[in-house]
Amino acid sequence: MKLLGDKELVALQRRVAYYRDTTAYRRIFLYFYPKALHFCLNYLKNRQLAEEAVSDVMMNLWLLGKKLANVKNLNVYLFSALRNKALDYLERDKKYRFQSELTPDIVSDLKSPEEAMIATETVGAIVAAIDSLPPKCKAVFTLVRELRCSYREAGEILGISENTVNRHIQLAIGHLNKVLKV
């Protein structure tokens, strides 16, 4: 789905809050769903649980009704709610803590089996390196580098300062350079 500007997102948010506009809600849902699912997968390591967590948070967004109009930054609100929901799921049911399958999109675009194998190995090494980051560092890295949140938004979502976000990014890049020997 194409990127929504801040003004367009706020307009959709208000249409959902004041008019219970299902079309606006659907656009918000479809816009956030892929990023939200990816974010939850980083915590839960189980696609089914991640989908359930995202669905719960998105349903709660609809249930907010007119209170949704008071949300100043929908991106921060949703990812904070997603983090909290994922942590609740982890605490409630620890038996679902296993790795989800990785299917890199770039592998399907390659022409030869050799290129696909090399790409799979490369993606696997990158994913393993990211997974080896400390949990908070990994969460910051995922928000900033993969989900394209600003340092301020990542800090608000995780309850840390922008400087701490910056430090986590520096540590993550240093760790990844060392592990991947870039």
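Mentor: Let's start with Lys138, which is found in helix H7. Keep in mind that this is a predicted model.

Trainee: Happy to. Why does Lys138 count as buried?

Mentor: Its relative accessibility is 8%. Buried means under 20%, so Lys138 counts as buried.

Trainee: And what does Lys138 touch, leaving out residues up to four places away in sequence?

Mentor: Its partners are Asn42, Lys45, Ile130, Asp131 and Leu133. Lys45 follows H2 and has a positive phi, near 60°.

Trainee: What makes the pairing of the Lys138 and Asp131 side chains a polar contact?

Mentor: The distance is 2.8 Å. The cut-off for a pair of N or O atoms is 3.5 Å, and the Lys138 and Asp131 side chains are listed as making such a contact.

Trainee: How far apart are Lys138 and Tyr43, in sequence and in space?

Mentor: They are 95 residues apart in sequence, while their C-alpha atoms are 9.7 Å apart.

Trainee: Now the helix pair H7 and H9. How are two packed helices described?

Mentor: By the angle between their axes and the distance between the axes. For H7 and H9, the axes come within 9 Å and cross at roughly 95°.

Trainee: Why is H7 called roughly perpendicular to H9?

Mentor: The range for that label is 65 to 115 degrees. The crossing is roughly 95°, and that makes H7 roughly perpendicular to H9.

Trainee: Which residues meet there?

Mentor: From H7 they are Lys136, Cys137, Val140, Phe141, Val144 and Arg145. On the H9 side they are Val165, His168, Ile169, Leu171, Ala172, Ile173 and Leu176.

Trainee: Which members of the largest nonpolar core touch the most other members?

Mentor: Ile28, Leu44, Leu74 and Leu143, out of 55 residues. H2 gives the most to this core, with 12 residues. As for Leu143, its contacts beyond four places in sequence are Phe39, Phe79, Arg148, Cys149, Ala154, Ile157 and Leu158.

Trainee: Which residues of H2 are buried?

Mentor: Among them are Ala24, Tyr25, Ile28, Phe39, Tyr43 and Leu44. The cover over the buried residues of H2 includes H1, H3, H4, H7 and H8.

Trainee: Where is the kink in H2?

Mentor: At Tyr33, shortly before the proline Pro34, with a bend of about 45°. At the start of H2, a side-chain oxygen of Asp21 reaches to within 2.9 Å of the backbone nitrogen of Thr23.

Trainee: Stepping back, how many helices and strands does the chain have?

Mentor: There are 9 helices and 0 strands. Of its 182 residues, 41% count as buried.

Trainee: And how many of the contacts between residues at least 6 apart join residues at least 24 apart?

Mentor: The share is 64%.

Terms used. Residues numbered from 1 in each chain as written. Predicted model: local features only at pLDDT ≥ 70, side-chain atom pairs only at ≥ 80, totals over all residues. Heavy atoms only, no water. Core = buried A, V, L, I, M, F, W, Y, C linked by side-chain atoms within 4.5 Å. Buried < 20%, exposed > 50% of the residue type's maximum accessible area, 1.4 Å probe, protein only. Helix = DSSP H or I, 4+ residues; strand = E, 2+ residues; numbered from the N terminus. Contact = heavy atoms within 4.5 Å. Bend = angle between axes of the 7 residues up to and from the residue. Polar contact = N/O pair within 3.5 Å; in protein donor to acceptor, adjacent residues only side chain to side chain. Axes fitted to C-alpha atoms, helices over the stretch in contact; angles between N-to-C directions. Parallel < 35°, antiparallel > 145°, perpendicular 65-115°, else oblique.
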